[in-house]
Amino acid sequence: MEKEELFQCLESCRMLPMPSKEISEILNILNNPLELDIDDLVEKVNKVDKLNDLMIQNLNTGYFRTNKEISTIKEAIIYLGMQTVQNLLIFFITIQLFSSVSEKEAVKRSFSMKHYFKHVLGTSLASSMLASELKIGDKYKLFSYGLIHDIGIAVLDTCVPEILDDVTLKLQTGVHQIIAERSFLGG
């Protein structure tokens, strides 16, 4: 597929997720941190199906090195800070928006959205930890950048999953990433 064909395909893709009204409201709240009302944010998060549970469940996995179990979003804000919770909410909203493939379909795929999200979160955490350790940059911004550094992969998985599967298969056989991507993009 030539680049121009791919761009046309992406531009005409009707499968890209549209955030619900509730998700849009949360993103608007997060976009205005100076005017943020924590109780309003907690209430809106609790209204979104599974978002609160996804956050709490993942915060207590050990991945975030919390010394105590977190049971509410408000507790997470107090314990981890608003900027961390803000970034995590955006991450988990992204998971909800781009995780539409059923588990049955995922078994047939060579690309794994689960591995993609682990990679993105790992990159975010590593960036943030390095910024803290080296005392350079804003660790919260670097965490955010890590979350979106490969957002194009989520878009490709939604619009042209067969291309992403083909590239993934090539990578799994040892072909370098640049060569694998170019072989499917006419380069």
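1. Lysine 135 is exposed, with a relative accessible area of 71%. The structure is a predicted model, and in it lysine 135 sits in the loop that runs between α8 and α9. The backbone deserves attention here: phi of lysine 135 is near 55 degrees, a positive value in a residue that is not glycine.

2. Isoleucine 136 belongs to the loop between α8 (113–134) and α9 (139–148). Is isoleucine 136 buried or exposed? Its relative accessibility is 52%, so isoleucine 136 counts as exposed, the cut-off for that class being over 50%. Together with Leu130 and Leu134, Ile136 makes a nonpolar surface patch of about 310 Å².

3. The overall architecture is helical. The chain contains 12 helices and zero strands. Its C-alpha atoms fill a box of roughly 50 × 40 × 30 Å along the principal axes. Of its 187 residues, 34% count as buried. The chain exposes about 11,800 Å², and carbon and sulfur atoms supply 55% of that area. Contacts between residues at least 6 apart in sequence were also examined: 61% of them join residues at least 24 apart.

4. A disulfide is a covalent bond between the sulfur atoms of two cysteines. How many disulfides does the model have? The count comes to one. The bond is formed by cysteine 13 and cysteine 159, whose sulfur atoms are 2.4 Å apart. It links distant parts of the chain, for cysteine 13 lies in the loop between α1 and α2 (21–31) and cysteine 159 in helix α10, 146 residues apart. The angle about the S-S bond is -100 degrees, and the link of cysteine 13 and cysteine 159 is left-handed. Both cysteine 13 and cysteine 159 are buried.

5. Cysteine 9 takes part in no disulfide, and the nearest cysteine sulfur, that of cysteine 159, is 6.4 Å away. Cysteine 9 is partly exposed, with a relative accessible area of 25%.

6. Helix α10 (residues 151–159) contributes Ala154, Asp157, Thr158 and Cys159 as buried residues. Which elements cover them? The cover includes α1 (3–11), α6, α8 and α11 (161–172).

7. The aromatic residues form a further topic. A pair of aromatic rings is described by the distance of the centres and the angle of the planes. The model holds four aromatic pairs. In one of them, phenylalanine 91 and phenylalanine 92 are edge-to-face, at 5.1 Å centre to centre and with 65 degrees between the planes. Phenylalanine 91 is buried, at a relative accessible area of 5%, and phenylalanine 92 is buried as well, at 1%.

8. Phenylalanine 91 also pairs with phenylalanine 117: the ring centres are 5.9 Å apart and the planes stand at 85 degrees, so this pair is edge-to-face. Because phenylalanine 91 lies in helix α6 (residues 82–98) and phenylalanine 117 in helix α8, the pair ties together parts that are 26 residues apart in sequence. Phenylalanine 117 is buried, with a relative accessible area of 8%. Ring pairs link Phe91, Phe92 and Phe117 with Phe111 and Tyr116 into a cluster.

Definitions and conventions. Residues are numbered from 1 along each chain as its sequence is written. This is a predicted model: local features need pLDDT of at least 70, side-chain atom pairs count only at pLDDT 80 or more; totals for chains, interfaces and linings use all residues. Side-chain values use heavy atoms; hydrogens and water are left out. Patches are made of residues with over 30% relative accessible area and no salt bridge: like charges are joined within 9 Å, nonpolar side chains (Val, Leu, Ile, Met, Phe, Trp, Tyr) within 5 Å. Accessible areas come from the Shrake-Rupley method with a 1.4 Å probe; for residues, only the protein chains shown count as cover. A salt bridge is a side-chain nitrogen of Lys or Arg within 4 Å of a carboxyl oxygen of Asp or Glu. Helices (H or I, at least four residues) and strands (E, at least two) are DSSP runs, numbered from the N terminus. Buried means under 20% relative accessible area, exposed over 50%, partly exposed in between (1.4 Å probe, protein chains only). Rings of Phe, Tyr and Trp (its six-membered ring) pair if their centres lie within 6.5 Å; planes under 30 degrees apart count as stacked, over 60 as edge-to-face and the rest as tilted. Contact means heavy atoms within 4.5 Å. A disulfide is a pair of cysteine sulfur atoms within 2.5 Å.
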